[in-house]
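Please look at the sequence and the structure before reading the points below.

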Amino acid sequence: MSRIGRLPIEIPTGVDVTVTGSAVTVKGPKGELVLTVASPIEVKIEDGQLLVTRPDDERESRSLHGLTRTLIANQIIGVTTGYSKGLEIVGTGYRVQAKGSSLEFALGFSHSITVEPPAGISFAVEGNNKLTVHGIDKQAVGEVAANIRKLRKPEPYKGKGVRYAGEVVRRKAGKSGK
């Protein structure tokens with residue numbers, strides 16, 4: 001049995017969870033999220049807890065069991081506290097500015113880059129070299145942060161670029177003279 005999949009999910013106060021067929025809807029103070037559960041997995045609400053069960057021990061059922069439980073638990077955390085991912089911009093002349101709800105980056109190119117937030121995502125800029133991506137969907141927050149990092153990945157020689165907060169960039173020595 002999956003050690004993660006068999007753990008019950010506590011439903012905190014202020015969160016409303018409804019299971020309709022294969023759809024699990026989670027409503028909380030920050031918003032609403034919907035998850036479509038894969039066919040062999042079943043979700044039930046008992047005594048203020050969510051239980052995720054699988055009908056058999058086939059390979060697909062085993063692999064989806066823990067995944068489904070974790071996705072639902074992440075939704076409950078998202079609608080109560082939300083998720084955030086920090087980014088740092090390192091490099092001379094590299095900066096970020098908030099322009100309304102969007103961001104404008106100067107990353108050493110001949111032009112500035114504008115990033116619009118998708119639905120459910122917001123940005124917070126601290127200073128001119130730190131920003132935070134906020135949202136209730138963990139997958140969406142991570143994807144937006146990864147796309148921003150992809151604009152100018154940290155390079156290994158000088159360490160310039162956009163990196164996650166706390167990310168360690170392995171540095172290379174560069175050319176060695178005679």
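Helix 1 lies across strand 3 and strand 4, running at about 170 degrees to strand 4. Here contact means heavy atoms within 4.5 Å, and angles run from 0 to 180 degrees between N-to-C directions of axes fitted to C-alpha atoms, for helices over the stretch in contact. Helices (H or I, at least four residues) and strands (E, at least two) are DSSP runs, numbered from the N terminus.

The model is predicted: local features need pLDDT of at least 70, side-chain atom pairs count only at pLDDT 80 or more, and totals for chains, interfaces and linings use all residues. Residues are numbered from 1 along each chain as its sequence is written, and side-chain values use heavy atoms, with hydrogens and water left out.

**Helix 1**
- Glycine 82, which follows helix 1, has a positive phi near 85 degrees.

- Three strands make up an open, antiparallel sheet in the order 2-3-4; two strands pair if DSSP finds at least two bridges between them.
- Strand 2 (16–20) and strand 4 (32–36) are at the edges with a single partner strand each, so one side of each has no neighbour in the sheet.
- Strand 3 (residues 23–27) is joined to strand 4 by five bridges, and lysine 27 stands opposite glutamate 32 in strand 4.

**Threonine 132**
- Threonine 132 belongs to strand 12 (residues 130–135).
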